[in-house]
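Visitor: I'm new to this one. Could you show me how to read it?

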Amino acid sequence: MPQSWDAKYFDGKSPKSMLVRIQLLPKGVMLHFMDGRSQHWKHESFSIVRDRESGPIRLLRGDFPQETVEIPDQGFAAILEQKGLSGKGWRTSWKQKSISVFATIIFFSGVLYWILDSCFSGRTTGSNGPHSAFSESANMLNPERGQGSGNAHAFPDSQG
């Protein structure tokens, strides 16, 4: 008899799960219910989802609310990968997709900001780098630093 794994079956209509045995077949999986019924799911009819590396594998079938089979045994994932099924229908959860999209947006926003900042930074800074504009204006106000242009006396002295 082919290898089988214990799993939980959710019909998508009630929150209760049923215990099933899942068996991997060449063209899909066979679910064996404890009451003697069996269901054959073809590979094209379900998708394989894994939320976390060490989490259970879920097989989802149908439209909302989906039928779900949850397999906690990590050996099932290894067998799927050996049979090349991890690429077919294997998809990430919506959480992983949204995190990936968010990270991509943040990354490209940072790159765009860096590019635009480097393009326009020459107009807002002094000739000796980003802090030289501040240094030059500070020198103008404090001629004792020895680098001022002597324009510090253009402002009236408030103390006297």
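Guide: Here is a short tour, from the chain as a whole to a few residues. This is a predicted model, where local features need pLDDT of at least 70, side-chain atom pairs count only at pLDDT 80 or more, and totals for chains, interfaces and linings use all residues. Residues are numbered from 1 along each chain as its sequence is written, and side-chain values use heavy atoms, with hydrogens and water left out.

Visitor: How many helices and strands are in the chain?

Guide: Helices (H or I, at least four residues) and strands (E, at least two) are DSSP runs, numbered from the N terminus. Here you get three helices and eight strands, in the order β-β-β-β-β-β-β-α-β-α-α from the N terminus.

Visitor: What is Leu19 in contact with, apart from its neighbours within four places in sequence?

Guide: Contact means heavy atoms within 4.5 Å. Leu19, in strand S2 (residues 17–25), touches Ala7, Phe33 and Met34. Leu19 and Phe33 sit 14 residues apart in sequence, yet 6.8 Å apart in space, C-alpha to C-alpha.

Visitor: Is Phe120 buried, exposed or partly exposed?

Guide: Buried means under 20% relative accessible area, exposed over 50%, and partly exposed in between (1.4 Å probe, protein chains only). Phe120 lies in helix H2 (residues 94–124); its relative accessible area is 45%, so Phe120 is partly exposed.

Visitor: And what share of the residues count as buried?

Guide: Of the chain's 160 residues, 24% count as buried.
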